[in-house]
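Please keep the sequence and the structure in view while reading.

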Amino acid sequence: MSSTAARVLRVGGVPEHFNAPWHTAAKAGLFAERGIDVRWTDFPGGTGAMAKALRDGELDVAILLTEGIVADIHRGNPARLVGTYVSSPLTWGIHVAADSPLTDAAQLYSQPAGDGGASPRFAVSRMTSGSHLMAFVDAQQRAGEAAAASLRFEIVGSLEGAREALREGRADGFMWEKFTTKPLVDSGEWRRVGECVTPWPCFALAATPAALGGLSGEILGASRHGAARLRAANDGVETIAAMYKLQPEDVTEWLQTARRSAPVSWASSPSASFSTLRTVAETLGRLGVLEPASLLPPEQLVCELVSDADRF
C-alpha cells in the first residue's frame, strides 16, 4: 500500500520498556507495510491520562493497564478493549523517600506517618490511574479492605511529580513499575520497601469507536511481529536498555522473570480472558472503586472483534 493511502493512527503509551516493540516495529516499517501510519505519543501520566485522551478524542488507540481501562469503561469511556498487549503480570515497586522512617510496605497501611497522627499518603499520577488502583489492591492484600478504604492520596501527575512529592514530604509512598523506578532506587533517592504483582495480565489495548473498524488485527499483528523480532535480536537487551536508560542486567531480569520464572509475554492478541476481566471488575467493586451492583459483563468491555481466550 502506498504511503499516501496509509491510515494515520494516533497511539499512546507510557514511556516504559514494555512499549519498546512498538518503536522498533515502526522503525522496521512493520506498521507501514500494513498501511498504518502510527503517530506515537508518550504519556508520562500513565493510564489515567490516556483514558482521558481516548475520551477527548486525542488518541485512537492506547496501551493501558488492564485495571485502569476496565475501571474507566465502567465510568462511561466509549473506548473498548481490542485485545491483550502483555499477558504476563506487572511487578509494582512500592517506594518511599530514602530518609523515610518506613521500612516495610505494610507500614503504609498500619502506622501513622508522623504528621499529626494521620495515616500515610500515597502519591498517584491521577485518580483511577494504575498507581491509584494498585494501592487499593496492595492494601487489601496486606491489611484488608478496611485499610484499603482508609487510603489517602496526593495527585502528582507523573513519575517526576512523585519524586517532588516524596522529596517535599507531601506523600509517603508511591507505586510504579519496578524497573522503571530502579534507577531512583540505585541512586539512593528512593528505597523500595515492597513489591506488588498484579493478579492479572498487565497491559491491554483499547480503541475509540471511530478507530475500531477492522483495524485491530493489523495493528496487533505488527506489534506482535515487532516483539518477536526484538526478542530474537542479538542486541535486543541493549536496544531496550538504551531506549529507556536502564541497565542491561535489569532488562535481562525483567525479560526473564516477570513473575517467578514466567517471562514477559507480549501477546498482542485480539483476545482476552473474559473470566479475568470479570475478576478485575469484581475486585474493583469489592474495594469500592466501582459500584458492585453496576458491574458490566465482560462482553460489554470489549469490541466485537475480541474473542474469549478462555474458550481456547
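His 74 is part of helix H3 in this predicted model. With a relative accessibility of 18%, His 74 counts as buried, because the cut-off for buried is under 20%. Apart from its neighbours within four places in sequence, His 74 touches Ala 281, Leu 290, Ser 294, Leu 295, Leu 296 and Leu 301.

Helix H3 spans residues 66-74 and is mostly covered, with nine of its nine residues buried. Among them are Thr 66, Glu 67, Gly 68 and Asp 72, as well as Ile 69, Val 70, Ala 71 and Ile 73. Just after H3, Gly 76 has a positive phi of about 110°.

The next topic is the cysteines. A disulfide is a covalent bond between the sulfur atoms of two cysteines. How many disulfides does a search of the whole structure find? The search finds zero. Cys 196 is in no disulfide, and the nearest cysteine sulfur, that of Cys 202, is 12 Å away.

| Residue | Relative accessible area | State |
|---|---|---|
| Cys 196 | 1% | buried |
| Cys 202 | 0% | buried |

Cys 196 is thus buried, and Cys 202 is buried too.

Technical notes:
Residues are numbered from 1 along each chain as its sequence is written. This is a predicted model: local features need pLDDT of at least 70, side-chain atom pairs count only at pLDDT 80 or more; totals for chains, interfaces and linings use all residues. Side-chain values use heavy atoms; hydrogens and water are left out. Buried means under 20% relative accessible area, exposed over 50%, partly exposed in between (1.4 Å probe, protein chains only). Helices (H or I, at least four residues) and strands (E, at least two) are DSSP runs, numbered from the N terminus. Contact means heavy atoms within 4.5 Å. A disulfide is a pair of cysteine sulfur atoms within 2.5 Å.
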